[in-house]
Amino acid sequence: MSWIDSHSHILDEAFNDLDEVIERIKKEDIVRCMIVCCYSHEYDRAIALSKKDSRFKVAVGIHPSDVKNLDDDTWNKFIEYASKDEVCAIGEIGLDYYWDKDNKLEQQDIFIKQIEIAQKLNKPIIVHSRDALQDTYDILKKHKVAGVMHCYSGSKEMALEFIKLGFYISLGGPVTFKNAKEPKEVAKIVPLERLLIETDCPYLTPEPFRGKRNEPYYVIYTGKKICELREIDEEIFQKQMVINFDELFKG
Ligand code: NI
């Protein structure tokens with residue numbers, strides 16, 4: 001039995017027991033784990049982990065919530081690392097109008113700049129979109145690029161529109177929440193070849209651990225829930241998740 005986590009932040013300071021977290025990743029057979037680096041001080045550590053163990057992949061990007069504090073040093077370091085072979089995706093990037101409503105144009109500008117870098121480098125993007133789905137869609141429609149809508153929380157209709165653009169839809173812990181109707185509907189209708197699963201750890205912990213710190217192997221609970229909703233064999237589902245991950249991130 002092998003699972004994937006298409007979006008983790010295991011270098012976040014919440015993981016002061018990283019060695020044990022990695023042990024559990026291995027023990028529970030999480031065969032792919034994307035390390036999404038939102039901060040440049042994480043870049044070298046992520047690359048070192050990926051060199052030691054090929055299950056770990058690396059993404060670097062400027063998160064929309066950090067656009068307001070973006071300085072030249074951070075930007076230049078991002079550019080430098082984005083082109084490295086060990087970095088297989090640009091992310092997470094996007095728009096967040098939930099936390100920041102006052103700098104929408106600036107967020108859009110930095111989002112587009114990073115998409116253009118991804119296009120030039122021929123790498124996929126990992127998209128964060130919160131309370132900004134229409135603007136996100138409009139930008140992606142204008143820029144042909146491969147990628148994934150991370151922890152997708154919109155409607156099933158919009159999910160299908162992103163799929164038409166060639167995007168994958170990644171679902172996380174909310175699928176397991178009792179009152180979360182929309183993610184469950186999305187989990188049922190996204191074509192299997194366009195679906196990914198993730199933790200977004202340390203955030204968005206699935207049931208039955210909701211409220212505790214999240215970690216990559218909890219993706220199993222999200223995966224099992226989606227299998228139950230789709231009435232699909234777990235092994236078939238797991239195999240397709242690995243194929244999707246490798247296809248998008250050129251494993
Ligand atoms: Ni994230």
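**Close-up 1. Lysine 184 in helix α7.** Lysine 184 sits in helix α7, which spans residues 181–189; helices here are DSSP runs of H or I with at least four residues, strands are E runs of at least two, and both are numbered from the N terminus. This is a predicted model, where local features need pLDDT of at least 70, side-chain atom pairs count only at pLDDT 80 or more, and totals for chains, interfaces and linings use all residues. Residues are numbered from 1 along each chain as its sequence is written, and side-chain values use heavy atoms, with hydrogens and water left out.

Close-up 2. Look instead at the backbone oxygen of phenylalanine 177, which the lysine 184 side chain reaches at 2.5 Å. Beyond neighbours within four places in sequence, lysine 184 is in contact (heavy atoms within 4.5 Å) with Val175, Phe177, Lys178, Lys225 and Leu229.

**Close-up 3. Strand β2 and its partners.** In strand β2 (residues 30–37), eight of eight residues are buried. β2 runs parallel to strand β1 (residues 3–8), joined by four bridges; strands pair if DSSP finds at least two bridges between them. Serine 8 has isoleucine 35 of β2 as its bridge partner. β2 also pairs in the parallel sense with strand β3 (residues 56–60), over five bridges, and here valine 36 partners alanine 59.

Terms used. A polar contact is a pair of N or O atoms within 3.5 Å; within protein, one must be able to donate a hydrogen and the other to accept it, and residues adjacent in sequence count only if both atoms are side-chain atoms. Buried means under 20% relative accessible area, exposed over 50%, partly exposed in between (1.4 Å probe, protein chains only).
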